Each structure stands twice: as C-alpha cells, then as structure tokens.
Protein chains: 2
Amino acid sequence: MGEFELIRNFFAAAPCAQGGEGVALGIGDDCALLAVAPGEQLAISTDTLVAGVHFADPCDPFLLGQRSLAVAVSDLAAMGATPVAFTLALTLPTVTADWLQDYARGLNLMAQGCGVALVGGDTTRGPLSLTMTVFGRLPSGQALVRSGAQAGDLMCVGGELGNAAGALPLVLGQRTADPSIAGSLLAHYWSPQPQLALGRALRGKATSALDISDGLLADCGHIALASKVGIQVERSKLPVSAPLVAFLGQAGAEEAALSGGDDYVLAFTLPSVELPGLLAAGWPIHVVGRVVSGQGVTLLDNDGRDITPQTRGYQHFRETT
Amino acid sequence: MGEFELIRNFFAAAPCAQGGEGVALGIGDDCALLAVAPGEQLAISTDTLVAGVHFADPCDPFLLGQRSLAVAVSDLAAMGATPVAFTLALTLPTVTADWLQDYARGLNLMAQGCGVALVGGDTTRGPLSLTMTVFGRLPSGQALVRSGAQAGDLMCVGGELGNAAGALPLVLGQRTADPSIAGSLLAHYWSPQPQLALGRALRGKATSALDISDGLLADCGHIALASKVGIQVERSKLPVSAPLVAFLGQAGAEEAALSGGDDYVLAFTLPSVELPGLLAAGWPIHVVGRVVSGQGVTLLDNDGRDITPQTRGYQHFRETT
C-alpha cells in the first residue's frame, strides 16, 4: 500500500468522515452520494489555499486545518445554507504523520463545530495546496444571493471587522504584540467562525449577502455590481474591536476594517423594517451604511463628505485571491 | 481589476458555464445552487491533477482541458450517474491568454460531450494544478457501488484496455510510432470518453462497478476488497486493440491491459443472466474473468494456472495517484 493510499485510509477513519444527515454514501467509492430533501436545493462552493500565497509556509497544521475548512464553510453561511458535507483535495510535497495528525485534528474540530462531514476528495503529491468543496442545503428559492439589494436598504455587517487583517503582521512575524491582544487577533485569523446561524436567520429578510473575504469596501462593491445599486459606507460606523484599536490605533483599525480581507463576517443589505426584530433576537448586527440608487461604493466621513480611497481591497501577502 | 478576476470573468463567459438542467444558480455568487429532483440523489467526486506528476509540464492546454474533465466525469459514469455540473479550481503560476483560451476550448468540448455545466470554482496563483469536482444525479438507491459483487458473477470491462498506458511513452517523448498507431493511442490518453451511457445501462444489473484508473488488476482488487470476494482474471480474455498490439506486441499489450492506468473504461461485475440482454443491446462488454469466494485478485493463464504478478498497478511517471 502506497503512502498516499495510507493517507486516504487515515482521512476515511477520521471522526469528521463518519457521515451525517444527508450523507447517503461517504468516502471509499467512486463518488459520494448526498440526499437532498424535496423542496431543498444544494449550495456548493470551492476554495483553494496555496502555501506561500494564502498562508505562510511552514505554518501550524492544526490551525491550517481549522482555517481551511472555515473559509470554505463561510460561503455556505453567506447563502443562508446549512452545511452538510465537504470534499478535501490535498496536495502534499512530503508526508509526515505528525503533520497529517495535526491537520486532521484542526479539520475535525472545525467540521464538528460546523456540522459538516468529509465525504471524499483526493490526495496527491506536489507543492502544498488545499482545495475544499463544501455542500449545504437550503429551502428552494431562499438563498441569500448578491443581486437583490434595493435602494433604501441598510448596509449591515454581522460583527467586528478588521481583526484578521490586524493579525496578519503577527502571522508573518513582522510585528509582536501583547499576548492578550495577539491572542484575540490571531484567533480571528486562524479560526474564523462561519456565521451559519446568522445566515439562516437572514433568510427571507436580507435582500443580498456575502461573506467578507476581500475587505468591506471591495465586497460591498460586489453587491453593488450584482444588484446594480450604489452603496454608501460611513466610516464612523465601522465596528472595530478594542484589541484591534489597541494594536493599530483608531485610524489603523478603521483602515483594516475597510480594506482587510479574511474576516469572514457576513455583509448584507436589509430593509430597515427588518432590523428591530433581528436586533431584538440578539443578532450582532451593525449598520455601516445604506444602499442608494447609482453604482459603486462610496465611503463617507462624519460630515457626509466622500473620502473613498482610490485603491480598494487589502494588498497583503497574497497577490490575489 | 486583477488578472485573476479577469480569469474568473473569462470562465464565467465560457459556453460550458451557461447553465443546464439542474443548475439553479451558476458562477458569480458565494455558492452555486443545484436542484435535485425528488427520488434522486447527487453523486460527487473530486480529482486533482498536478503538473509534472499527473501530466507532463508543459503540455498542450487544449488536450489538458479535455482530459482533466473526462477523468473526473468518468467517476460519475462508474456510479451510473448522469452528469449535471462541475467546479474547477485552477492554480496557475502565470497567466497567458493563449493558454487559457486553449484550455477552455478543450474544457468546453468535453463539457458539451458530457452534458455538464461549469458552476463555480476558484482561480489562484501557484504551481500548476487542477482540481475538478463533478456532480451527477441518479435515482436514489441505484448507484453502482464497489461493494456488491457476488461469487458467481462475471467480471467484465466496457472496452479495450491498455491504450492509454501504451500512449504514455509517446506522451513523454520516450518513443515514436507510426502516425496511425500514435494517433489512436494518444486519443485514448488525452481524451478518454467517460462511459456514461454504459454506466446508466448497468443500473439495476451490475452488482459492482468502477472506472479503471489504476489498472485492471489493481482496480479489480478494489472491488474484491469492498465486496469481500475474490476475483479471477483470465489473461487470454483481455481485450486489446490492434494499434496497441502493433506498438507493444501481444505480450506487451496484455501487460498494459493488466497494469496500465488511465483507461477510464468501466470494470464491473454482472450476474451471468444479465449478459445476453446487454450484448443484444449492443453494449461493448468483454468478460475477462469471474467472481469467486475468497479474497484478492488472481490472474490465470490459458491452462488455469495462477500467474499473478507480484507488483500490481502500473508504475508510470506519477509516483502515486
């Protein structure tokens, strides 16, 4: 038995590969089989992470296991879908038992938290990279797409922004920080929590949604383009965390919130009539602006002046996505 | 707009990305959405191809486009599924318009032939590799799995074997051949035709099935293991093509048929009562052996003597799968 066949057997025996609701056939055959209930659709998303491009190489395999799955599952949250299953295509230059065990431990932990089962994939030799394809279910016609924003809607986010971007100089070893600050920021980077429950709560309420991966301004631009509307973001309303402000200062924290990728917080548009009920139910929703007729994204200061930066999207150590 | 965003727009505009039956939402949102009819299940398979491991680098991007999709869709054929959609995760070191256009042309051609729509994916910078995830539909409970073979069944294949393995020295430039021979063998390697119609015809008839990717003996071993049976293969019954015999000689052709990967012909077990009807319907089925009680795969010569080779699976320029 070759070492890559051993790896496949190793993943097949992992806790997260032991099936779940909707999984009719898991790892081990030519295909996995998923059952989809009548009246439901299947949501699908694929993400690739390349060593040295999307994450530092070497990095902690346990943290990579968590993050690689979280990043992919976040796309399900952004559609309002309930996770069902995922496949993992893992390309490795060499195989070490320690690396695999630590990676699988992180993967299992995130899979358990998200309620998602490993149903297949491929393991190959080559430069380190990972491609995750995730599957979720949701009632037909209730997906949160990008194209439904209407002028007059509120522009909202599901939590504090910029923490993952703030963590990046720590991840890359370019800066150090007080342990309490570093711990908080690094947790956001390495184990983002896909906002699955919020996504489901927004079904039938939000008019558009996505998860912030390119930065608030860039991702609002995606909604504006798909919905053929303009979006105004107010700088004074950006929710930033105390550790981020302590680390970068207020202006730096706001920059990270505007342009930092990797937060995987939901951004969505909401008719104002829906806001009170969602806040009363305890959802951590922050209104950061509004949808207007027109096109593109405009950043406004306290006095309503246009202070839109010329360069959108955070340029970190990956050149592109 | 970055060059990788341009690539995404390029693929979104490709003919194969314009939707199809079962595709409720295609490229451009956080997820694609597939509709699954009541009484049907979704079959899923993922395959990664790495440059220099699974294909020569550089290679003809048009041929790579065809082959990368065919290899993945072949897993749907092996389950008896009807193709619906696929995602493409493409990692590229540099972007050239010529490469992309040629690759997409091959991809479109194979997608059209298989009736499958591109619904999403990811495009990233890094060493050249491709991960395809394919989706098919099939009636619940009718999938052709590996685990149902019964002692007494016939061991069958859906066509000639060994052509792709025979092509490999040509692909690698290690040998040359007469153009008519080279053309025939290379076609099998670069544009294998997934046996989708045969897979569907075997639903409810074959007791197990897979597509031959590791070589007949190795893949019969997968059925034997999953079904807890033994399989006897008769060397004299191996279907080999005239071009392959002309290129490798009879013994060499039989070796390629036994151990050569990449044929993507279906191998399946069939109760003998099912054979006449399938042959009468014109399916190109070759009986190469039979299922017995016991375990493992045994190769028999004309006199029924055990001539099982010690090393199974073809060692070509990829070290492992």
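Okay, D122(A) sits in strand β5 (residues 117-125) of chain A, where strands are DSSP runs of E with at least two residues, numbered from the N terminus. Before I go on: this is a predicted model, where local features need pLDDT of at least 70, side-chain atom pairs count only at pLDDT 80 or more, and totals for chains, interfaces and linings use all residues. Residues are numbered from 1 along each chain as its sequence is written, chains are lettered from A and ligands numbered from 1 in the order written, and side-chain values use heavy atoms, with hydrogens and water left out.

So, D122(A) is buried, at 8% relative accessible area; buried means under 20% (1.4 Å probe, protein chains only). The unreviewed UniProt entry annotates T46(A), D47(A) and D122(A) as "binding site", and such annotations may be inferred rather than shown by experiment.

Now T46(A), in strand β3 (residues 40-50) of chain A. T46(A) counts as buried because its relative accessibility is 6%. The T46(A) side chain makes a polar contact with the side chain of T133(A), at 3.1 Å. That term means N or O atoms within 3.5 Å; within protein, one must be able to donate a hydrogen and the other to accept it, and residues adjacent in sequence count only if both atoms are side-chain atoms.

Next, the domains: chain A splits into domain 1 (3-139) and domain 2 (154-300), with bounds from an automatic or database assignment. Their centres, over C-alpha atoms, are 26 Å apart.

Notes. Helix = DSSP H or I, 4+ residues; strand = E, 2+ residues; numbered from the N terminus. Buried < 20%, exposed > 50% of the residue type's maximum accessible area, 1.4 Å probe, protein only.
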